[in-house]
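Have the coordinates open while you read.

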Amino acid sequence: MKEIVQIEFLDIEENDEYKELINAVINRCFEEEKLINTKLYISITLTTPENIRNINKEYRNTDKETDVLSFPMFEQEEIKEIINSKQHLVEDVLGDIVISVKKVQEQAIEYGHSFKRELSYMLVHGFYHLMGYDHIKEEDKKEMRPKEEKILQDLNIIRN
């Protein structure tokens, strides 16, 4: 299987369980969205609340912590062209996802489900932002949320 995820642990301890989960979730996302035969990959950084706050401030002009940030490299139409093209000669990053592990832990407790479920949701949520989906408008949310839930259900990662 080709490498579709590059994982960085920024100021947190490396964790093999996180790596395994990230690879499983992102692979399922790539299969679902027919990206598996492309030369695209995703960069994922797991980090601290302080680091994500600094990244949020620097790149989004928002001086606050958040759970996940997504930095897409393509517009939705460009991704469709890549998928439909028979020539995937150039390796390229679909985008970057940055996740605050501490925020994931806090939200898992707050929402009453497992850390695995919350981290998986952050990954899927970030992935669909990279794919050009959003949830600001209600009609956009209606398109994005079912896609997220399908991935989690396919992996049997359910709320408990």
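Where is Lys102 found? I'll take that under point 2, after a word on the model.

1. Ground rules. This is a predicted model, so local features need pLDDT of at least 70 and side-chain atom pairs count only at pLDDT 80 or more, while totals for chains, interfaces and linings use all residues. Residues are numbered from 1 along each chain as its sequence is written, and side-chain values use heavy atoms, with hydrogens and water left out.

2. Helix 4. Lys102 is found in helix 4; helices here are DSSP runs of H or I with at least four residues, strands are runs of E with at least two, and both are numbered from the N terminus. With a relative accessibility of 45%, Lys102 is partly exposed (buried means under 20% relative accessible area, exposed over 50%, partly exposed in between, with a 1.4 Å probe and protein chains only). From the C-alpha of Lys102 to that of Gly112, 10 residues along the chain, the separation is 15 Å. Helix 4 spans residues 101–111 and also holds Glu106, which is partly exposed at 39%.

3. The acidic patch. Glu106 turns up again in a negative surface patch, together with Glu8, Asp11, Glu50, Glu65 and Glu110. Patches are made of residues with over 30% relative accessible area and no salt bridge, like charges being joined within 9 Å. Asp and Glu count as negative, Lys and Arg as positive, and His and the chain ends are not counted. The charge is placed at CD of Glu or CG of Asp.

4. Have a look at Arg28 and Asp154, whose closest N and O atoms are 2.7 Å apart. This pair links distant parts of the chain, with Arg28 in helix 1 and Asp154 in helix 6 (residues 138–154), 126 residues apart. Arg28 is buried at 15% relative accessible area, whereas Asp154 is partly exposed at 36%.

5. A second bridge to check. Arg53 and Asp63 also meet in a salt bridge, 2.8 Å from N to O. Arg53 is in helix 2 and Asp63 in the loop between helix 2 and strand 3, 10 residues apart. Here Arg53 is partly exposed at 35%, and Asp63 is partly exposed at 43%.

6. Glu77 and Lys80 form a salt bridge at 3.5 Å, N to O. Both sit in helix 3 (residues 76–84), 3 residues apart, about one turn of the helix. Glu77 is exposed at 51%, while Lys80 is partly exposed at 40%. Separately, salt bridges that share partners join Arg28, Glu31, Glu32, Lys150 and Asp154 into one network.

7. Aromatic pairs. The structure holds 5 of these; rings of Phe, Tyr and Trp (its six-membered ring) pair if their centres lie within 6.5 Å, and planes under 30 degrees apart are stacked, over 60 edge-to-face and the rest tilted. Phe30 and Phe127 make a tilted pair, 6.0 Å centre to centre with 45° between the planes. That pair links distant parts of the chain: Phe30 is in helix 1 (residues 16–32) and Phe127 in helix 5 (residues 115–130), 97 residues apart. Both Phe30 and Phe127 are buried. Tyr59 and Phe71, on the other hand, pair edge-to-face at 5.7 Å and 70°. Tyr59 lies in helix 2 (residues 49–60) and Phe71 in strand 3 (residues 68–72), so this pair ties together parts 12 residues apart in sequence. Tyr59 is exposed, at 55% relative accessibility. Ring pairs also link Phe30, Phe127, Tyr128 and Tyr133 into a cluster.

8. Backbone angles. Most residues other than glycine have a negative phi. Asn61, in the loop between helix 2 and strand 3, has a positive phi of about 60° although it is not a glycine. Asn61 is exposed at 72% relative accessibility. Asn156, in the segment after helix 6, also has a positive phi, near 55°. Asn156 counts as exposed too, at 60%.

Methods. Patch = residues over 30% accessible without salt bridge, like charges linked within 9 Å, V, L, I, M, F, W, Y side chains within 5 Å. Areas by Shrake-Rupley, 256 points an atom, 1.4 Å probe, with all protein chains shown as cover. Salt bridge = Lys/Arg side-chain N within 4 Å of Asp/Glu carboxyl O.
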